[in-house]
Amino acid sequence: MKTRMHTLLLPLVAVALLNAAPAYAQAAKGKALYEKSCAACHGTGIAGAPKLGNADDWAPRIARGINSLYESALKGKPPAMPPKGGAMDASDADIKAVVDYMVAAAKGGSSKAEAKPAPKAEAKPEPKAEAKPAPKAEAKPEPKAEAAPAPAAAAAPAPGPSVAEVNAFNRLLKPIGKRNLPPTEDGIHDPANDGTHALQPPRAAFAALPPAPSGNNVNWVKAIETQRINPRWDKIDGSAAPVVMDLNIVREVKGSMPDVVYPHKQHTEWLDCSNCHPAIFIPQKGANQISMAAILLGQKCGVCHGKVAFPVSECRLCHSKKKDLLPASTAQKSN
Ligand code: HEC
Ligand code: HEC
Ligand code: HEC
Ligand code: HEC
């Protein structure tokens, strides 16, 4: 493999957190769609989303009346609540059923204690829909020999944030105490193998590396930059070196968030061009539709970020370019 993501970066087996909400039988249908399309944000409260079952988060919203909530759910609420929560193929009635479910959950839940996941969900990783996205994401980018794909090679633009699967491997969806378990308990290594007991737990193995505030708490970009690690580029050819390309792509973001700077350099130090082109991104500036909803659902940048690269909670690492602060009326640009 021409990718340097090693096993320690792989996510732990997902804990079935999406099952965490208490069962509100009266809204079973809403619950199913909620888990598929809304839990990624509303299960964790990411970007200020009101959390499922949290009465404090919901009370002021419920006070505005159910129709106002229906409308936000259908049309979206800037900046971070997408229209229909991104589930564009769901009917209006389905979306309203989810809102009913969320409102019922908020009325049934308390502000703190009861919003916690049911113990059942923590006990064992249930291999369900959650387990699916990972192998796909990992396997897709087939390393190829030749380096640069022709910019014109790819055909139709990738589809927008149509909702496929919730990114259940997002680290934010894991309870704090469940991250980076020792190898004997992580569900990845074989506990019956003696070698497993000789392995350092990730925390110990990472201790000497530059720290980061999130993910597995290692700044991997800095680790490679400062040569604290020097991962082998090719499994077979020990002298092979990466094709590092220093090209930044700036993606302008509507609204108040700073623009996104996508750096090729930091990526090509770890990855082959074919890990991204053309399966994830058409190699042409502006040719890809990228949105936060898609990323949170494990598409586009979210194929890796939140799984094997720093998580989506680190807004400023991606949204790193301050906007021109001139008011629109005096700005020179015409757009
Ligand atoms: C990409 C993240 C994201 C997804 C996915 C998402 N939401 Fe939201 N949602 C938010 C955020 C953030 C807010 C808070 C918006 C605000 O008040 O500024 C919100 C608010 C809401 C509200 C309250 C609106 C109000 O008027 O106060 C409802 C209802 C809602 N979402 C329903 C849904 C439903 C139903 C789904 C799934 C079909 C969904 N959301 C999926 C992020 C998301
Ligand atoms: C981690 C994913 C990733 C990797 C790896 C990657 N790219 Fe890209 N590349 C992108 C993204 C994202 C864009 C911007 C697409 C857009 O703006 O719609 C892009 C754009 C491009 C463009 C268009 C530039 C322009 O100005 O139009 C070229 C050419 C390109 N990449 C070549 C490469 C080559 C060659 C490599 C390997 C050395 C590579 N890429 C590796 C993600 C990647
Ligand atoms: C892995 C990189 C990455 C991280 C981390 C990230 N974003 Fe984004 N964000 C993007 C990209 C790429 C776009 C699409 C820009 C464009 O329109 O081309 C985007 C777009 C947005 C938009 C514009 C609306 C939309 O959905 O397209 C908002 C708002 C936003 N991000 C908020 C956030 C917030 C809040 C966080 C932190 C919780 C965050 N982002 C973290 C990459 C990231
Ligand atoms: C194929 C996997 C993959 C995809 C797709 C991907 N990234 Fe990354 N990204 C990585 C890896 C691996 C790193 C280095 C490890 C880390 O920082 O966690 C990285 C690092 C970065 C960094 C460097 C942060 C720093 O400390 O300098 C930025 C910024 C970033 N990614 C933004 C993006 C954006 C924006 C997109 C989507 C347009 C994207 N990435 C898509 C894998 C990916």
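**Entry 1: ligand 4**

I began at ligand 4, where I looked up an oxygen atom that is 3.5 Å from an N or O atom in the side chain of Gln266. I call such a pair a polar contact, meaning two N or O atoms within 3.5 Å; within protein, one of them must be able to donate a hydrogen and the other to accept it, and residues adjacent in sequence count only if both atoms are side-chain atoms. I note here that this is a predicted model, in which local features need pLDDT of at least 70 and side-chain atom pairs count only at pLDDT 80 or more, while totals for chains, interfaces and linings use all residues. Residues are numbered from 1 along each chain as its sequence is written, chains are lettered from A and ligands numbered from 1 in the order in which they are written, and side-chain values use heavy atoms, with hydrogens and water left out.

I then looked up two further contacts of ligand 4: one of its nitrogen atoms is 2.7 Å from an N or O atom in the side chain of His305, and one of its oxygen atoms lies 2.9 Å from a backbone N or O atom of Phe310. The elements that give two or more residues to the shell around this ligand are α9 (220-225), β2 (260-263), α10 (264-268) and α13 (315-318), and the largest share, three residues, comes from β2. I take helices (H or I, at least four residues) and strands (E, at least two) as DSSP runs, numbered from the N terminus.

The shell has 20 residues, of which His267, Cys301, Cys304, His305 and Phe310 come nearest; a residue belongs to it if one of its heavy atoms lies within 4 Å of the ligand. I sorted the shell by class and found 16 nonpolar residues, three polar and one charged, where Ala, Val, Leu, Ile, Met, Phe, Trp, Tyr, Cys and Pro count as nonpolar, Asp, Glu, Lys and Arg as charged, and the others, Gly among them, as polar.

**Entry 2: the iron atom**

Which protein atoms are donors to the iron atom of ligand 4? I found His267 (NE2) and His305 (NE2), lying 1.9 to 2.0 Å from the iron atom. The pair links distant parts of the chain, since His267 is in helix α10 and His305 in the loop between α12 (292-296) and α13, 38 residues apart. Donors are N, O and S atoms within 2.8 Å of the metal (3.2 Å for Na, K and Ca), and sites may look incomplete because water is not among the atoms.

The arrangement is octahedral because the six donor atoms subtend angles of 85 to 179 degrees at the iron atom. Six donors count as octahedral if opposite donors are over 155 degrees apart and all others between 65 and 115. For comparison, I wrote down that the ideal angles for six octahedral donors are 90 or 180 degrees.

I also looked up how far His305 is covered, and it is buried, with a relative accessible area of 12%. Buried means under 20% relative accessible area, exposed over 50%, and partly exposed in between (1.4 Å probe, protein chains only).

**Entry 3: ligand 3**

Around ligand 3 I found 17 residues, the closest being Arg251, Met292, Cys315, Cys318 and His319. An oxygen atom of ligand 3 is 2.7 Å from an N or O atom in the side chain of Arg251, and a nitrogen atom is 2.8 Å from an N or O atom in the side chain of His319. The backbone takes part as well, for a polar backbone atom of Met292 is 3.0 Å from an oxygen atom of this ligand. Both α12 and α13 supply at least two residues of the shell, which divides into eleven nonpolar, three polar and three charged residues.

Note on methods: Tetrahedral: all angles 85-135°; square planar, octahedral: opposite > 155°, others 65-115°.
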